Amino acid sequence: MQISVVIPLLNEEQSLTELYNWIAKVMRSNSFSHEIIFIDDGSTDDSWKTIEALTQNDKAVKGIKFNRNYGKSQALHAGFLRAKGDVIITMDADLQDNPEEIPELYKMITEEGYDLVSGWKKKRYDSVVSKNIPSKIFNAAARKTSGVKLHDFNCGLKAYKQAVVKNIDVYGEMHRYIPVLAKNSGFTKITEKEVQHQARKYGKTKFGAERFINGFLDLISIWFLSKFGRRPMHLFGALGVLMFIFGFISAGWIGISKLYKLYHGLPNVLVTSNPWFYIALAVMIIGSQLFLAGFLGELILRSKREKERYLINKTTPNL
């Protein structure tokens, strides 16, 4: 199979049939062997009924329904697990991503040898204040922190070599950083393609301003995990040892100073009256705790077990 189109969605019943017809037209005109996987992330409208109806008319359409809303990352994770195409295309279900971009994205993966091609919505039809400006700031921070030179990390329209989606772990709200996850896994042939952005035709956006706050926090998390996720002792242990040594030397200096003054009959004060005593004690305790945190992190890393992060309510019979 050449292409798997993976589409996470939440309450998009109005757009699904139109989106399917558009994708199917592109696939037929290019003679692509394909599948379209819709992941219903806990919709409360009739999105699932629409998906079931589409599967009756076209066996290439497949569906997964979550028991409740788990988030876009979990939906993509479920779709990636079941995708069979040589190239996986992801897109949003709100008709803002243009399926006409699929043939060129496919060509960039199969003929030009890229591992991942990310869409770049250079011209956007979103609110300038609530989306465009925050998005530019967010993307600039993501480029600086991750080293992945993309203009639009948030674009849902992306193309992946199958090996990429089968070997990265998309969790939490890390869908924004799939290119970074791919880079950290050794898939370094990453580029972007300018794509056409459509104005939203139905409904309203499912993402508020809080996504940018969460995005920055996730960016810090992914930076930390990429640096120390496999070796927590290198950070916590090193900091703990340095702080303990600093505290120990400070305590030693206090003790030596006390003995020196006693030996020479100089005026002396209680050790507990010296503020450095409490500083040294606090630093040694914190250093010990950091060292133990690193040690526990190593133990957890070696004993962790995979567990389901979402509950699938049902799937279509052809999946």
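**Chat about a mixed sheet and its aromatic rings**

Me: Hi! In what order do the eight strands of the open sheet come?
Reply: Hello! In this predicted model, the order is β7-β5-β6-β4-β1-β2-β3-β8, and the pairing in this open sheet is mixed.

Me: Which strands stand at the edges?
Reply: Those are β7 (190-194) and β8 (312-315). Each has a single partner strand, so one side of each lacks a neighbour in the sheet.

Me: And what does the twist average from one strand to the next?
Reply: The average is 20 degrees.

Me: Let's look at β1 and β2. How many bridges join them?
Reply: Seven bridges link β1 (residues 3-9) with β2 (residues 34-40), and the two strands run parallel.

Me: Which residue in β2 does I7 stand opposite?
Reply: That's F38.

Me: OK, helices now. Which strands does α2 lie across?
Reply: Helix α2 (residues 47-57) lies across β1, β2, β3 (61-66) and β8. Relative to β3, α2 runs at about 155 degrees.

Me: What about α3, how many of its eleven residues are buried?
Reply: Nine of them, so α3 (residues 72-82) is largely enclosed by the rest of the structure.

Me: Which ones, by name?
Reply: The buried residues in α3 are K72, S73, Q74, A75, L76, H77, A78, G79 and F80.

Me: Switching to rings: how many aromatic pairs are there?
Reply: The count is six. One of them is F66 with Y70, an edge-to-face pair with 5.6 Å centre to centre and 85 degrees between the planes.

Me: Are F66 and Y70 buried or exposed?
Reply: F66 is buried, and Y70 is buried too. F66 and Y70 also form one aromatic cluster together with Y310.

Me: Why is the pair of F277 and Y278 called edge-to-face?
Reply: Their planes are at 80 degrees, so the pair counts as edge-to-face, since the cut-off for that is over 60. The ring centres of F277 and Y278 are 5.2 Å apart.

Me: What is the relative accessible area of F277?
Reply: F277 has 28%, so this residue is partly exposed. Y278 also counts as partly exposed, at 46% relative accessibility.

Me: Last topic: which ring does the charged end of R68 sit over?
Reply: The ring of Y70, at 4.0 Å from its centre. So Y70 has F66 as its edge-to-face partner and the charged end of R68 over its ring.

Me: And where does the charged end of K189 sit?
Reply: Over the ring of Y114, 5.8 Å from the ring's centre.

Methods:
Residues are numbered from 1 along each chain as its sequence is written. This is a predicted model: local features need pLDDT of at least 70, side-chain atom pairs count only at pLDDT 80 or more; totals for chains, interfaces and linings use all residues. Side-chain values use heavy atoms; hydrogens and water are left out. Buried means under 20% relative accessible area, exposed over 50%, partly exposed in between (1.4 Å probe, protein chains only). Helices (H or I, at least four residues) and strands (E, at least two) are DSSP runs, numbered from the N terminus. Two strands pair if DSSP finds at least two bridges between them. Axes are lines fitted to C-alpha atoms, for helices over the stretch in contact, and angles run from 0 to 180 degrees between N-to-C directions. Contact means heavy atoms within 4.5 Å. Rings of Phe, Tyr and Trp (its six-membered ring) pair if their centres lie within 6.5 Å; planes under 30 degrees apart count as stacked, over 60 as edge-to-face and the rest as tilted. A charge sits over a ring if NZ of Lys or CZ of Arg is within 6 Å of the ring centre and within 35 degrees of the ring normal.
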